[in-house]
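Hi,

Here is the structure I promised to send over. Have a look at it first, and then read on for what I found.

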Amino acid sequence: MSSIPDAEALYTKLLAGVKTLMRPETRLVGITSGGAWLVERLQKDLGLSGAPGVISSAMHRDDFARRGLSASAQTVLPFDVNGTDVLLLDDVLYTGRTIRAVLNELFDFGRPASVRLAVLVDRGGRELPVAADFAATTLTLPNTQLLALARAADGAFSLKVEESK
């Protein structure tokens with residue numbers, strides 16, 4: 001197994017990368033739950049006014065029948081999606097299926113001018129043609145392992161690897 005990088009150091013790289021992607025009309029939207037944690041902190045660290053968006057993939061997942069509704073937060077987009085430049089944030093990009101579901105959810109709320117993606121970790125293994133506009137790092141793991149962002153009580157990020165079920 002590859003060594004797991006320091007999530008706080010990756011966050012610093014993500015913050016720098018997101019700064020380069022920002023436009024005056026850009027709104028940040030985090031994918032529950034890891035992306036929502038990232039976007040909450042990015043919104044503050046970038047000094048952006050208002051609340052960031054949070055989006056759930058639950059209702060549009062292709063494995064909904066098996067997974068059901070998760071306990072994660074539901075979609076909250078505190079701005080008009082129409083004509084907006086949306087920058088999606090997620091912790092780990094893997095197969096691309098979560099991004100596909102999130103795009104369907106986003107378009108239920110309107111038609112953005114553009115949608116881009118920034119992630120903390122791109123672990124490869126794509127099953128759909130999805131690519132991040134920015135990834136803080138690329139990491140290869142066996143497909144028997146899951147990689148997820150964890151957040152401590154003090155807000156510090158860490159990455160954890162678990163064997164998939």
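Let me begin with the aromatic rings. This is a predicted model, and the count of aromatic pairs in it comes to 1. The two partners are Tyr11 and Phe157: their ring centres lie 5.8 Å apart and their planes meet at 55°, so the pair is classed as tilted. It joins distant parts of the chain, with Tyr11 in helix 1 (residues 7-21) and Phe157 in strand 7 (residues 157-163), 146 residues apart.

Are these two residues buried or exposed? Tyr11 has a relative accessible area of 3%, and because the cut-off for buried is under 20%, Tyr11 counts as buried. Phe157, at 5%, is buried too.

Tyr11 has another neighbour worth a look: Arg41 lies over the face of its ring, 4.2 Å from the ring centre. Elsewhere, the charged end of Arg123 sits over the ring of Tyr94, at 3.8 Å from the centre.

Next, helix 2. This helix covers residues 34-45, and its 12 residues should span 16 Å at 1.5 Å a residue; the C-alpha atoms at its ends are 17 Å apart, so the two values agree. Which of its residues are buried? They are Gly34, Gly35, Ala36, Leu38, Val39, Leu42 and Gln43. As a reminder when you view that list, an α-helix has 3.6 residues a turn, so residues three or four places apart point the same way. Just past the end of helix 2, Gly47 adopts a positive phi of about 70°.

Notes. Residues are numbered from 1 along each chain as its sequence is written. This is a predicted model: local features need pLDDT of at least 70, side-chain atom pairs count only at pLDDT 80 or more; totals for chains, interfaces and linings use all residues. Side-chain values use heavy atoms; hydrogens and water are left out. Helices (H or I, at least four residues) and strands (E, at least two) are DSSP runs, numbered from the N terminus. The expected span of a helix is 1.5 Å times one less than its number of residues. Buried means under 20% relative accessible area, exposed over 50%, partly exposed in between (1.4 Å probe, protein chains only). Rings of Phe, Tyr and Trp (its six-membered ring) pair if their centres lie within 6.5 Å; planes under 30 degrees apart count as stacked, over 60 as edge-to-face and the rest as tilted. A charge sits over a ring if NZ of Lys or CZ of Arg is within 6 Å of the ring centre and within 35 degrees of the ring normal.
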